[in-house]
Amino acid sequence: MIAHYKTVQRRQDVGMRISSLYRQQQLSIGILDVSTVQVLKTTLDWFIGNMNCTLHVITLEETFDKEDLGTLYPDVTFICFNSLVTTGEQVNAFASECYATYFLVVRSDIQILGFDGSRMIHLMSDRSHPAMITPVMLNQDMEVMPTIRAPFLKGKEIDPLSFMPPVESGKLTANLYPVMALGFYDRALFQRLRGFDEQITGEFYQLFDFGTRCHLYGFPVFTSSDFAIRFIGKHSIVEDRSPCEGMDRAYTKALSVHRIAGKNVIEKWKPYVDKQLLKTEVKTKQVILQKTDFFTLAKEWKNPEEADA
């Protein structure tokens, strides 16, 4: 699937262009435009005043042109889609355009309460090398929300469990996937894992697919208590887990490989199977690269209460 967007680069002087050829930026921040223009402007003003790194806004071309955002924010890069696309497509485009070692995905309707960038980078350099780190999320009333996901099957259906994240300082908790795609990513690894599957149209299955692939290939996803955000106008987060186009792709990649006696074996997960994907990708690549299977992951997964026991 080809994403139709244009990129309006931020203003740079000649010296900055030359220097950028020789050193890669360490961090870029991508702001998903999900609310009103005024909310976006308020959020942008905060990031410009408080975060010393390159900023990208992922928005609609219509909004960019109508509000003359390029003139108002010449030091911000805008990625402008010509129509509504999935969250995964937006993040994929940002990852392709930002040219940084790490990238941070946030939304225009959130506030950052805590972000220890040096600790995030230190965690990424650890030998466990997580694929990404997700934040503790608070609602508008400053209540922590249950955004830890754990692998679980309800019969033949994917049905991840939800838990509250521990909030003690320095705490890391395993998380199956990044809720709303928010978090701190290793860009090279994200692209090596091929990012979000744009042929999956539902956000839940798109996020589940990416996070599960990370874990199955040996790159965990963590939630860190040193990274916290607050939603300006949300009391809770509701995920739409209803069937969608491409959901069979998520099932096929997550559940078609069984690890038996140290070897990966293909078994179709009926009734949800994408036969073409199974033939062209799972049987030729995934079965070779996968380090564990979903069933082992679910069996050995320590939920926050168990991890603290």
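Q: How many disulfides does the structure hold?
A: The structure holds 0 disulfides, where a disulfide is a pair of cysteine sulfur atoms within 2.5 Å. For Cys-53, the nearest cysteine sulfur belongs to Cys-98 and is 11 Å away. For Cys-80, the nearest is again that of Cys-98, at 16 Å.

Q: Where do these numbers come from?
A: This is a predicted model, with local features needing pLDDT of at least 70 and side-chain atom pairs counting only at pLDDT 80 or more, while totals for chains, interfaces and linings use all residues. Residues are numbered from 1 along each chain as its sequence is written, and side-chain values use heavy atoms, leaving out hydrogens and water.

Q: OK. Is Cys-80 buried or exposed?
A: Buried, with a relative accessible area of 0%. Cys-53 counts as partly exposed at 22%. (Buried is under 20% relative accessible area, exposed is over 50%, partly exposed is in between, using a 1.4 Å probe and protein chains only.)

Q: Switching to helices: at what angle do H8 and H9 pack?
A: About 15 degrees, with the axes of H8 (residues 203-216) and H9 (residues 247-255) 9 Å apart. Helices here are DSSP runs of H or I with at least four residues, strands are E runs of at least two, and both are numbered from the N terminus. Axes are lines fitted to C-alpha atoms, for helices over the stretch in contact, and angles run from 0 to 180 degrees between N-to-C directions.

Q: Which residues of H8 make the contact?
A: Tyr-205, Phe-208, Asp-209, Thr-212, Arg-213 and Leu-216. Contact means heavy atoms within 4.5 Å.

Q: And how many residues of H9 are buried?
A: 8 of the 9, so H9 is largely enclosed by the rest of the structure. Among them are Met-247, Arg-249 and Tyr-251. The buried residues of H9 pack against several elements, including H8, strand S15 (257-260) and helix H10 (275-289).

Q: New topic: where's Pro-160?
A: Pro-160 is in the loop between strand S10 (157-158) and strand S11 (161-163). Pro-160 is buried, at 4% relative accessible area. Leaving aside residues up to four places away in sequence, Pro-160 touches Phe-208 and Arg-241, among others.

Q: What about Thr-173, buried or exposed?
A: Thr-173 counts as buried, at 7% relative accessibility. Thr-173 is in strand S12 (residues 172-174).
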